[in-house]
Amino acid sequence: MVAIVIVSHSKQLALGVRELAAQMVQGKVPLAVAAGIEDPENPLGTDPIQVYEAIASVFSDDGVLVLMDLGSALMSAEMALEFLPEAQRQKVYLCEAPLVEGAIAAVVAAAAGRDIQQVIAEARGALVAKATQLGVASMPSVAISDHQVTTNAEFPTKEIQLIVSNRLGLHARPASQFVATAARFESQIRVQNLTRNTELIRGDSINQVTTLGVRQGHELLITATGPDADEALAALQALFATNFGEDNTTLKSPPVFQHEITLPTPGELSGIAASPGVAIAPVVHYQPTPITITQYHVEDAEAEWQRLQTAIHTAQHEIQAVFSQASIQIGDTEAAIFDAHLLFLEDPVLLEAAHQHILEHHLNAEAAWQAVVDEVATSYHTLEDSYLQERVDDVVDVGQRVLRLLVGNAPTSLHLSEPAILVATDLTPSDTAGLDPTKVLGICTTSGSATSHSAIIARTLGIPAVLGIDAEVLHLEDGTLMALDGESGKAWVEPEADTLGVLEAKREAWQTSQQQALATAHQPAITRDGQQVRILANIGSVADAQVAVAGGAEGVGLLRTEFLYLDRTSAPTEDEQLAVYQAIAQILATRPLIIRTLDVGGDKPLSYFKVAPEANPFLGWRGIRYCLDHPDLFKTQLRAILRASFGHQIKIMLPMIATVTEVHAAKAILREVQAELSQVGIPFDEAIEVGIMVEVPSAVVLADQLATEVDFFSIGTNDLSQYIMAGDRTNPRVANLVDALHPAVLRMVQQTVQAAHAAGIWVGLCGELAADPLAAPILLGLGLDELSVNPQAIPTIKQAIAQLTVVEAQAIAASALQQDSATSVRELILALSAKS
């Protein structure tokens with residue numbers, strides 16, 4: 001017989017539902033409850049372990065149906081599945097049916113001997129009888145255009161009206177913040193663009209929010225219905241008050257140079273100027289592998305839905321990897337484009353529509369997914385605003401990624417042996433973010449626009465681009481010489497000598513202007529009263545090191561070594577690692593290089609080291625814990641680092657340190673490796689410094705003890721923030737809570753700095769907070785000796801520090817520590833900036 005599990009925030013509610021359902025079938029159906037938490041002050045909540053135990057207590061080979069109320073109940077249920085053996089997991093079904101009506105309908109069907117699919121169907125249709133009794137029209141199907149607003153007599157609807165001041169309105173990044181904030185609350189959030197007189201739409205749908213067509217100056221009506229409506233509206237209002245963290249200054253136009261070519265010349269093509277600069281190189285065509293979709297009928301709709309969910313889950317991991325690499329290459333602000341991609345895959349309206357296509361129409365996953373993506377794309381195309389119309393590129397990018405995974409195509413890769421100009425029909429944001437500016441000298445496509453996300457990324461990478469060129473370029477042979485001018489929007493195929501001469505002169509002038517712009521970045525960051533703060537770079541490859549030095553980095557404050565270990569079938573050898581470390585050290589010359597030892601584990605598993613799935617990998621077997629349990633792997637890396645240290649300023653940094661014991665164990669292994677190298681006469685820096693990442697709250701608490709064991713601290717605010725605030729920074733629903741400017745995090749930074757300085761060691765910060773110009777006065781005021789940022793942020797941070805005095809910064813930091821939220825801290829800084 002099918003068993004039922006009821007998951008609710010309220011234990012009393014769940015017990016009441018169970019009692020009512022049990023009475024319906026005289027206790028014939030196995031029923032279990034997982035509800036509430038063991039907290040006398042706030043007993044409302046859900047616990048994954050409770051859910052797991054409830055499922056296990058009533059498990060049946062006929063199937064287990066799990067009904068949930070809202071919010072974290074779903075997340076707890078999903079997490080509970082991870083604890084079950086694979087064989088059992090396949091027989092547990094999470095159902096979106098209403099809790100009370102669904103439970104009653106489900107137990108009646110189960111008691112009648114129905115199979116799991118029939119029980120699920122009965123639960124999902126549980127509201128039909130009520131709707132009929134009330135004379136309500138037949139229940140609408142779930143679709144992308146669903147604007148149905150439900151009411152709740154218990155909680156009156158609250159509303160606010162706000163004017164949008166962002167220069168580009170609610171484009172992808174602010175829309176993502178809006179949706180992520182709305183999703184944090186239990187209340188139902190609805191939004192209407194009063195200026196355009198749209199319908200009310202769901203505030204937790206990235207596509208519906210974006211397709212409101214909100215521009216600067218538009219007035220929005222935001223409603224909230226639920227127990228935390230006031231808090232939800234206040235949080236959303238704070239986003240608008242701070243312009244969603246965006247700078248509203250006008251976009252800077254690229255400098256205009258002389259030597260313009262005014263008359264058409266042989267081989268000249270005109271297009272759209274998308275990214276300034278001149279490129280002259282042979283062309284190479286880029287053509288992604290086409291994806292062919294066939295629609296067909298499936299018998300096992302539930303299995304097909306699971307197949308789509310698996311592809312979406314894999315796509316989320318891929319996008320997260322793109323986001324991480326893009327943060328290094330183009331900075332966190334532009335990389336936030338991929339936050340919108342992640343939210344697209346979590347859009348409840350989109351997922352409900354795909355679910356309906358598969359479950360009700362028995363469509364295969366590929367056809368169902370293509371249908372809903374096409375519908376979303378169409379809704380973008382119908383917008384009046386051209387800027388928002390171009391966001392369809394992001395929809396297509398994400399849609400194609402999932403389709404590729406469903407059909408089993410390998411990702412299209414681009415390997416250039418020599419520098420070239422890339423010619424293509426179009427490039428997705430993901431394609432563009434993965435380009436190497438040292439190999440891709442220019443971009444020439446037959447479609448696209450200057451305000452597309454791909455163009456924005458190209459500008460950030462410094463790759464000249466001309467878009468919308470005549471399709472004849474697609475017929476050029478690879479190796480054909482091309483020149484393009486990203487400022488004028490022109491390209492030349494096999495340009496004549498005179499044209500080449502003019503373009504080369506313009507290229508030189510452009511490069512000179514870029515060098516002048518970088519000149520300030522190569523100056524030290526010194527406050528107005530003479531205190532210097534070292535500004536280093538976070539990197540993840542040899543190419544990143546070159547970009548960092550060119551951008552004015554005073555060294556590398558964080559070398560992420562994971563890139564050496566991932567995407568391969570075996571661990572890198574000692575010599576392979578040595579070659580990379582030496583190459584980076586040589587690029588840095590006399591500048592310091594801090595190498596973080598391997599930081600992988602449950603959240604970043606290595607395919608050649610089998611790790612059992614963990615319910616919460618961020619709290620699991622990762623970082624130094626992983627390395628200490630794999631001493632051979634750890635020793636190989638330490639040998640490579642030590643060998644590379646000879647003649648260079650290399651330091652070792654240990655990740656995820658939580659205890660003094662871990663430091664002792666790591667240093668003991670390091671001493672073993674040093675003794676082995678000495679024994680065979682291999683030179684290394686015998687005075688090499690060893691530091692730790694301070695990214696776990698226990699390391700802050702023990703900072704005074706840890707400071708006596710190491711030579712330096714580097715605060716990793718990315719992980720530290722999520723551990724302090726008990727929120728997963730990769731989960732859009734709680735990501736806004738994980739804000740490094742929260743006073744709780746800032747106080748931890750202060751405590752760490754004080755402990756380090758008391759012990760006579762220096763302390764740096766290498767999290768995203770270091771690259772935020774708003775944070776510069778606070779970090780200076782807290783006494784940080786060093787900041788390590790993505791290379792693109794170096795000029796901005798140096799400029800921000802140069803405008804401050806230490807006394808001013810200390811006063812700002814002291815005030816920030818007394819605020820009650822990250823929003824208050826930002827408002828404080830903005831208010832002080834406006835006065836200065």
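The chain in this predicted model holds 33 helices and 25 strands, and of its 836 residues, 52% are buried. If we take the contacts between residues at least 6 apart in sequence, 73% of them join residues at least 24 apart. The accessible surface of the chain comes to about 35,600 Å², and carbon and sulfur atoms account for 52% of that area.

Let me turn to one helix, α28, which spans residues 717–725 and is mostly covered, since seven of its nine residues are buried. The buried ones are Thr717, Asp719, Leu720, Ser721, Gln722, Tyr723 and Met725.

Two packed helices are described by the angle between their axes and the distance between the axes. For α28 and α29 the angle is about 120° and the axes are 10 Å apart, which means that α28 is oblique to α29, and the crossing is right-handed. On the α28 side, Thr717, Leu720, Ser721, Ile724 and Met725 take part, and they meet Ala744, Val745, Met748 and Val749 in α29. When you look at the spacing of those positions, keep in mind that an α-helix has 3.6 residues a turn, so residues three or four places apart point the same way.

The crossing of α22 and α24 is right-handed. The contact draws on Glu574, Asp575, Gln577, Leu578, Tyr581 and Gln582 from α22, and on Thr636, Gln637, Arg639, Ala640, Ile641, Arg643 and Ala644 from α24.

Helix α13, residues 337–346, and helix α17, residues 392–407, pack at about 55°, and here the axes lie 10 Å apart. These two helices are therefore oblique to each other, and they cross in a right-handed sense. From α13 the contact residues are Ile337, His341, Phe344 and Leu345, while α17 supplies Asp394, Val395, Asp397, Val398 and Val402.

I will finish with two positions in loops. Serine 187 is placed in the loop between α8 (172–182) and β6 (188–193). Is serine 187 buried or exposed? With a relative accessible area of 5%, serine 187 is buried, because the cut-off for that term is under 20%. Its side chain reaches the backbone nitrogen of alanine 229 at 3.1 Å. Leaving aside residues up to four places away in sequence, serine 187 touches Ala224, Thr225, Gly226, Pro227, Asp228 and Ala229.

The other position is glycine 551, in the loop between α21 (542–550) and β19 (556–560). Glycine 551 also counts as buried, at 9% relative accessibility. The C-alpha atoms of glycine 551 and proline 795 are separated by 7.6 Å, although the two residues are 244 residues apart along the chain.

Terms used. Residues are numbered from 1 along each chain as its sequence is written. This is a predicted model: local features need pLDDT of at least 70, side-chain atom pairs count only at pLDDT 80 or more; totals for chains, interfaces and linings use all residues. Side-chain values use heavy atoms; hydrogens and water are left out. Helices (H or I, at least four residues) and strands (E, at least two) are DSSP runs, numbered from the N terminus. Buried means under 20% relative accessible area, exposed over 50%, partly exposed in between (1.4 Å probe, protein chains only). A polar contact is a pair of N or O atoms within 3.5 Å; within protein, one must be able to donate a hydrogen and the other to accept it, and residues adjacent in sequence count only if both atoms are side-chain atoms. Contact means heavy atoms within 4.5 Å. Accessible areas come from the Shrake-Rupley method with a 1.4 Å probe; for residues, only the protein chains shown count as cover. A crossing is left-handed if the near helix is turned anticlockwise from the far one by less than a right angle, and right-handed if clockwise. Axes are lines fitted to C-alpha atoms, for helices over the stretch in contact, and angles run from 0 to 180 degrees between N-to-C directions. Angles under 35 degrees count as roughly parallel, over 145 as roughly antiparallel, 65 to 115 as roughly perpendicular and the rest as oblique.
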